[in-house]
Amino acid sequence: MLDKIFLSLFGLEWFGFGVLGLFFPDVIAGMLGVISYSESNLYLNETRALYAFFTILGMMSLMSIFNVNLRKKVYLTFAILMGSFLIGRLLSFGLDNSFSGASAMIFINELIVFLIAYWRYSRREFIF
């Protein structure tokens, strides 16, 4: 039951966030305070590629509610992704002095998702 709650929350969050960035990358950029440094549309291409991954990960999370064989893989994917983001953000906080209210909230969200995903993935007895 606990896995279904976590996977539902992860799925809704990342699917919703992914679809928003996939179809409305400028809205996401505005929400995050990101400014394009390029005159070309390459940033749109890169943003959509990244948010397509988020959309698919959200769908996988929702599908794993019903497909128990997928759950451990979804948790591992979330743990790897969030762990990578956390490392990158910590480096950025130190190297770029980019720590702010918005970046702190994003960091906290990613930390919570990472800790839950890692905890659920690393369980010795994975309960379906």
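A salt bridge, as I use the term today, is a side-chain nitrogen of Lys or Arg within 4 Å of a carboxyl oxygen of Asp or Glu. The structure is a predicted model, in which local features need pLDDT of at least 70 and side-chain atom pairs count only at pLDDT 80 or more, while totals for chains, interfaces and linings use all residues. Residues are numbered from 1 along each chain as its sequence is written, and side-chain values use heavy atoms, with hydrogens and water left out.

Across the whole structure, a search finds two salt bridges. In one of them, Arg89 and Glu110 meet through their side chains at 2.6 Å, N to O. This pair links distant parts of the chain, Arg89 in helix α4 (residues 68–96) and Glu110 in helix α5, 21 residues apart; helices here are DSSP runs of H or I, at least four residues, numbered from the N terminus. Glu110 is buried, at 3% relative accessible area, whereas Arg89 is partly exposed, at 28%. Buried means under 20%, exposed over 50%, and partly exposed in between, with a 1.4 Å probe and protein chains only.

Asp3 also forms a salt bridge, with Arg120, where the closest N and O atoms are 2.7 Å apart. Asp3 lies in helix α1 and Arg120 in helix α5, so this pair ties together parts 117 residues apart in sequence. Both Asp3 and Arg120 are buried.

Helix α1 (residues 2–23) and helix α5 (residues 101–121) pack at about 145°, their axes 12 Å apart; axes are lines fitted to C-alpha atoms over the stretch in contact, and angles run from 0 to 180 degrees between N-to-C directions.

Key
Helix = DSSP H or I, 4+ residues; strand = E, 2+ residues; numbered from the N terminus.
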